[in-house]
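Student: I have a protein chain to study. Can we go through the terms and check each one against its definition?

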Amino acid sequence: MTRKRRLRFIFASARAFVSGKLRAMELFYSPSACSLSPHIVLRESGLDFTLVRASMSTKKTRDGRDLRDYNPLGYVPTLVLADGTVLTEGPAIVQYVADQVPDKKLAPENGTLDRARCQSWLNFISTELHQAFSPIFKRFEEDTVRRAKEKLNERFTYVDEHLAKQPYLLGDFSVADAYLFTVANWSRYAKIDMSGFTHIEAFMTRMKERPAVHEALSEEGLL
Ligand SMILES: N[C@@H](CCC(=O)N[C@@H](CS)C(=O)NCC(=O)O)C(=O)O
């Protein structure tokens, strides 16, 4: 962080503190972006939080702040904790939130094989699915987009076969499902036909029936 940004961060934190905004966590988000995953998880957690809408192009927030003052890389999701500490990277954010409310069982207990399986899915979704959408959304050349779609088709086939055996990635709902839902939802913007993935389609419907998912979609204007 440059000195100017650091000063702006301190100023922004102080301003938020004075106005009482730091009593709740703040999630910087952009509608339908990967921040939808922690948005869903925060709603599932029942914890108090405030949404701060940010533009992915200008980095400006609706309340006049600059996302880069919190995350120098200027992307969502960015979570600002009640004491001003910043946490970035979707897979880390959702696990942190899950660990604040262990009774809700949003992630398996730390140190267990099940937790490693949860992390395995989060990493798979991040590197094999999330990143594969980039060339499509960034309108790369035709051949690159075609290869990205082929890769997604193969990876979604793998997920579909897994979901044929159980309703959620780990059996019961976990933070990994919030991330899968978010990324699979992009298929409609990327014009990827998901009709052949019947188990993913059923999973998407199941997820939309969860009150937290419904509320998050409604809040982001995605219904
Ligand atoms: N590594 C980050 C990537 C986050 C990311 O790709 N965010 C996108 C939205 S889905 C974004 O804000 N893009 C704007 C930009 O990179 O300038 C994570 O997994 O949280």
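This is a predicted model: local features need pLDDT of at least 70, side-chain atom pairs count only at pLDDT 80 or more; totals for chains, interfaces and linings use all residues.

Student: How many helices and strands are in the chain?

Tutor: The chain has 8 helices and 4 strands. Helices (H or I, at least four residues) and strands (E, at least two) are DSSP runs, numbered from the N terminus. From that end, the order is α-β-α-β-β-β-α-α-α-α-α-α.

Student: How does the radius of gyration of the chain agree with a compact globule?

Tutor: The radius is taken over C-alpha atoms, and the globule rule is 2.2 Å times the number of residues to the power 0.38. For 223 residues the rule gives a value near 17 Å; the chain has 18 Å, so the two agree. Along the principal axes, the C-alpha atoms fill a box of roughly 50 × 45 × 35 Å.

Student: What makes helix α6 mostly covered?

Tutor: Count its buried residues. A residue is buried if 20 or more other C-beta atoms, placed from the backbone, lie within 10 Å of its own. In α6 (residues 175-184), 10 of its 10 residues pass, so the helix is called mostly covered. Among them are V175, D177 and F181. In the chain, buried residues make up 33% of the 223 residues.

Student: Which elements cover the buried residues of α6?

Tutor: The cover includes α2, α3, α4 (113-137), α5 (142-163), α7 (198-208) and α8 (211-219).

Student: Which domains does the assignment give?

Tutor: Domain 1 is 3-104 + 215-219, and domain 2 is 113-210. Such bounds come from an automatic or database domain assignment. The contact takes 10 residues from domain 1 and 8 residues from domain 2. Two residues are in contact if their C-beta atoms, placed from the backbone, lie within 7 Å. On the domain 1 side, α3 gives the largest share, 5 residues. By class, that side has 7 nonpolar, 3 polar and no charged residues.

Student: What makes a residue nonpolar, polar or charged?

Tutor: Ala, Val, Leu, Ile, Met, Phe, Trp, Tyr, Cys and Pro count as nonpolar; Asp, Glu, Lys and Arg as charged; the others, Gly among them, as polar. The shell around the ligand divides into 6 nonpolar, 3 polar and 1 charged.

Student: Which residues surround the ligand?

Tutor: They include C34, M56, Y75 and E89. A residue counts as near a molecule if its C-beta atom, placed from the backbone, lies within 6 Å of it.

Methods. Residues are numbered from 1 along each chain as its sequence is written. A residue is buried if 20 or more other C-beta atoms lie within 10 Å of its own, exposed if 12 or fewer, and partly exposed in between; C-beta atoms are placed from the backbone.
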